[in-house]
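Dear colleague,

I am handing over the structure below, and I would be grateful if you could look through it with the notes that follow at hand.

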Amino acid sequence: MRALARFLYRRPRLGLALLLSLPLLWMGLLYVGSLFALVIQSFFRLDDFTGLVVRRFTLDTWRSLLLPAHVDIARRTVTMAALVTLADAVLAFPLAYYMARYASGRVKALLAVGVLLPHWSSYLVRVYAWKLILAKEGVLTWLLGRLGLSGALDGVLQLPGIGGPSLSVSPLGTFVAFVYVWLPYMVLPIQAALERVPRSLLEASADLGAHPLRTLARITLPLALPGVVAGSIFTFSLTLGDFIVPGTLGNSSPFIGQAVLAHQGTAGNIPLAAAFTAIPMAIMAVYLMLAKRLGAFDAL
Amino acid sequence: MRSEEKAPFLLKLAAAAVLLFLHAPFAVILLYCFTTEDASFVFPPPGLTLDWFRVAWERPDIWRALFLSLRVAATATGAALVLGILAALAVHRMQAFGREAVSLLLVLPIALPGIVTGIALRSALSLGGLPFSFWTIVAGHATFCIVVVYNNVLARLRRTAASQLEASMDLGASSFETFRRVLLPNLATALVAGGMLAFALSFDEVIVTTFTAGQQETLPIWIFSQLTKPRQRPVTNVVAVLVVAVTTLPIVLAHYLTRETSTVEGAHR
């Protein structure tokens with residue numbers, strides 16, 4: 001044992017290689033290998049007649065992504081991801097700002113747990129909660145009725161494009177649940193970015209006669225931007241690939257995640273499912289590059 | 001540290017409202033465990049009962065799913081601990097370039113949408129003609145759990161003084177001994193924290209699992225399958241509360257074990 005230790009100590013590169021070998025083997029074979037399998041599958045195609053996958057090189061599957069129905073799915077998903085990201089940024093900011101600038105000691109520790117708990121705790125359960133809240137006979141309808149706003153709810157539900165028979169089967173309901181489940185992912189990086197804003201800058205701005213709101217707009221917000229972008233990576237990426245939220249709370253118009261799930265499942269069309277995931281991957285690749293430019297990675 | 005300054009009332013109100021928004025849904029889940037109405041989500045509940053806990057207790061399908069999830073989470077956490085600590089130890093000694101490459105590789109499974117990892121594994125299984133099994137679920141989970149352990153351990157390594165390790169070696173300990181007697185005790189709480197977060201992550205993962213489980217039912221998959229069934233809905237709530245309870249303790253513990261390493265490590269999936 002001792003001889004082995006000495007042997008490795010004299011050869012640091014060999015030691016490093018040994019340490020790295022297992023994790024790299026795992027990630028390389030299992031994960032990168034699987035990603036390759038994904039790419040390969042996307043160049044196969046499903047024979048409509050036999051229902052079997054034909055394992056011969058073809059671009060047919062990729063071409064079928066351009067069918068209007070498929071483009072529609074992609075557009076719906078990306079629009080949702082953008083709106084959810086925007087709403088999360090607006091909601092997360094006041095909480096993150098309060099945590100970073102005003103909270104201290106016990107309150108701060110409590111707030112940190114208050115954000116971390118929903119961040120890590122069961123995502124599925126949190127989606128399910130909204131199924132209960134938004135149900136036609138559920139809490140929200142009751143609450144709005146008590147406040148005399150039933151008419152307003154009916155009005156919103158009748159709006160084309162976002163309404164539906166009830167909130168729990170409408171695009172609006174899908175939106176609310178998405179905003180809810182990804183919100184902690186936005187709070188944490190914004191808070192981290194705000195913690196790093198030097199106090200002296202804010203004081204200098206005030207000393208020079210700026211109104212607090214002007215300081216907020218000209219100093220704090222620009223410096224918080226990397227945090228917002230860092231958070232948006234998660235809200236955007238997670239929305240693009242999700243099938244649980246629209247599956248639980250949406251109407252029948254599918255999102256990318258649902259399309260992938262359906263094609264690989266009963267339809268047995270793994271090639272099309274594989275090609276479909278290229279959309280979120282391509283979007284995220286561009287997004288990550290832009291985010292890197294905006295300095296978001298330092299805020300992660 | 002800045003408590004001498006008072007927050008504007010509106011800001012306090014907004015922060016409190018967002019916090020309420022984050023937590024109120026849990027109360028709704030809990031309340032519906034006790035409702036006597038089992039086919040709709042009518043509010044307020046027409047009556048309250050404890051009976052659904054008994055019903056849930058007597059359902060063998062729930063127990064099966066629970067045990068499968070616990071076995072998967074324990075095995076995946078074990079694998080993630082070993083692979084995560086190895087990767088962290090290696091990256092800690094590496095040059096900037098290799099370091100970034102390894103970090104990127106490890107974080108990719110959680111930076112890309114979950115369906116990408118899921119359908120990638122599914123494609124590989126189909127290409128290789130491999131059947132679904134317990135191990136296909138574990139393989140998927142371990143892959144995205146490694147980064148959690150890795151982040152926590154690497155952060156702790158950066159704060160561990162190199163002089164301690166040098167002193168140990170100067171006093172004649174081999175590198176294995178130094179690892180076991182000096183480095184490992186230093187890393188212990190970071191490992192426990194990373195392990196607990198990995199466990200919580202695996203225990204309620206559903207997206208990747210959908211693609212690697214085949215006909216097997218983990219607890220989250222069981223819950224998802226119940227969402228479309230109109231009978232005995234409060235039983236689903238009892239299970240949901242159980243899942244929250246099982247994951248909450250590790251999360252809070254992990255938070256306190258790594259608190260001194262400031263806010264960032266492990267904050268992101």
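**Overall form of chain A**

In this predicted model, chain A has a radius of gyration of 24 Å, whereas a compact globule of 300 residues would have one near 19 Å. The C-alpha trace of chain A spans about 70 × 70 × 35 Å along its principal axes, and the chain contains 14 helices and two strands. Of the 300 residues of chain A, 46% count as buried.

**Where chain A meets chain B**

The contact between the two chains draws on 75 residues from chain A and 76 residues from chain B. On the side of chain A that touches chain B, the largest share comes from helix 2 (residues 12-42) of chain A, which supplies 16 residues. Sorted by class, that side of chain A has 55 nonpolar, 14 polar and six charged residues.

**Two residues looked at individually**

Gly114(A) belongs to helix 5 (residues 105-120) of chain A. If neighbours within four places in sequence are left aside, Gly114(A) is in contact with two residues of the other chain, Leu19(B) and Leu22(B). Is Gly114(A) buried or partly exposed? There are 19 other C-beta atoms within 10 Å of Gly114(A), and because a residue counts as buried only when 20 or more lie within that distance, and as exposed when there are 12 or fewer, Gly114(A) is classed as partly exposed. Within its own chain, Gly114(A) and Pro184(A) are 70 residues apart in sequence, and their C-alpha atoms are separated by 9.5 Å.

Ala81(A), for its part, lies in helix 4 (residues 68-101) of chain A. With 27 other C-beta atoms within 10 Å, Ala81(A) is buried, since the cut-off for that class is 20 or more. Once its neighbours within four places in sequence are set aside, Ala81(A) is in contact with Phe236(A), Thr239(A) and Leu240(A). As for Thr141(A), which is 60 residues from Ala81(A) in sequence, the C-alpha to C-alpha distance between the two is 26 Å.

With best regards

Key. Residues are numbered from 1 along each chain as its sequence is written. Chains are lettered from A and ligands numbered from 1 in the order in which they are written. This is a predicted model: local features need pLDDT of at least 70, side-chain atom pairs count only at pLDDT 80 or more; totals for chains, interfaces and linings use all residues. Helices (H or I, at least four residues) and strands (E, at least two) are DSSP runs, numbered from the N terminus. Two residues are in contact if their C-beta atoms, placed from the backbone, lie within 7 Å. Ala, Val, Leu, Ile, Met, Phe, Trp, Tyr, Cys and Pro count as nonpolar, Asp, Glu, Lys and Arg as charged, and the others, Gly among them, as polar. The radius of gyration is taken over C-alpha atoms; the globule rule is 2.2 Å times the number of residues to the power 0.38.
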